[in-house]
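Here is a short briefing on one protein chain. Keep the sequence and the 3D view open while reading.

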Amino acid sequence: QVQLVESGGGLVQAGGSLTLSCAASRSIFSINRMGWYRQAPGKERELVAGVSSGGSTNYADSVKGRFTISRDNAKNTVYLQMNSLKPEDTAVYYCNAQLTPAYNVWGQGTQVTVSS
């Protein structure tokens, strides 16, 4: 089992930047895949970015070129660097750890609000 705690959310103006952090309660070295998801009011939760244990990354089309996901196994932490933020990026952002294909662990979420 692992617990995930997100931090770094907040209010930012359009065009600004934020960095989200996801701290795990134990080593993430063996966790095959970790990712960031987001859920806006009235919408379904969607994948923002994912990173494999080998460092391969994937992004939603809407954030490509603006967001960067990274993992620091030594610090048991996954990051999401968000640049050129847009009002449509406003959502609760959740960290995810895929322990097995059928078993996912979620953090409690952190609010990101982008004002126009």
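How many bridges join strand β7 to β8, and do the two strands run parallel or antiparallel? Six bridges join β7 (residues 67-72) to β8, and the two strands run antiparallel. Note that this is a predicted model. The protein chain has 11 strands and zero helices.

**Overall build**

- From the N terminus on, the elements run β-β-β-β-β-β-β-β-β-β-β.
- The protein chain has a radius of gyration of 13 Å; a compact globule with 116 residues would have one near 13 Å, so the two agree.
- Along its principal axes, the C-alpha trace spans about 40 × 25 × 25 Å.
- Of the 116 residues, 41% count as buried.
- Among contacts with a separation of 6 or more, 54% come from residues 24 or more positions apart.

**Strand β8 and its two partners**

- β8 covers residues 77-82 and pairs with strand β3 (residues 18-24).
- Six bridges join β3 to β8, and these strands run antiparallel.
- Cysteine 22 has valine 78 in β8 as its bridge partner.
- On the β7 side, six bridges hold the antiparallel pairing with β8.
- Serine 70 stands opposite tyrosine 79 of β8.
- β7 and β8 form a hairpin with four residues between the strands.
- In that hairpin, asparagine 76 takes a positive phi near 55°.

**Strand β5 and its two partners**

- β5 (residues 46-52) is mostly covered, with five of its seven residues buried.
- Strand β4 (residues 33-39) pairs with β5 over six bridges in the antiparallel sense.
- Glycine 35 has glycine 50 in β5 as its bridge partner.
- The β4-β5 hairpin has six residues between its strands.
- Glycine 42, in the turn of that hairpin, has a positive phi of about 75°.
- β5 also runs antiparallel to strand β6 (residues 57-59), joined by three bridges.
- The bridge partner of alanine 49 is tyrosine 59 in β6.
- The β5-β6 hairpin has four residues between its strands.
- Glycine 55, in the turn of the β5-β6 hairpin, has a positive phi of about 100°.

**Surface and charge**

- The accessible surface of the protein chain comes to about 5,900 Å².
- Carbon and sulfur atoms hold 49% of that surface.
- The protein chain carries 10 positive and 7 negative side chains.
- The centres of the two charge sets lie 5 Å apart.

Technical notes:
Residues are numbered from 1 along each chain as its sequence is written. This is a predicted model: local features need pLDDT of at least 70, side-chain atom pairs count only at pLDDT 80 or more; totals for chains, interfaces and linings use all residues. Side-chain values use heavy atoms; hydrogens and water are left out. Two strands pair if DSSP finds at least two bridges between them. The radius of gyration is taken over C-alpha atoms; the globule rule is 2.2 Å times the number of residues to the power 0.38. Buried means under 20% relative accessible area, exposed over 50%, partly exposed in between (1.4 Å probe, protein chains only). Contact means heavy atoms within 4.5 Å. Accessible areas come from the Shrake-Rupley method with a 1.4 Å probe; for residues, only the protein chains shown count as cover. Lys and Arg count as positive and Asp and Glu as negative; His and the chain ends are not counted. The place of a charge is taken as NZ of Lys, CZ of Arg, CG of Asp or CD of Glu.
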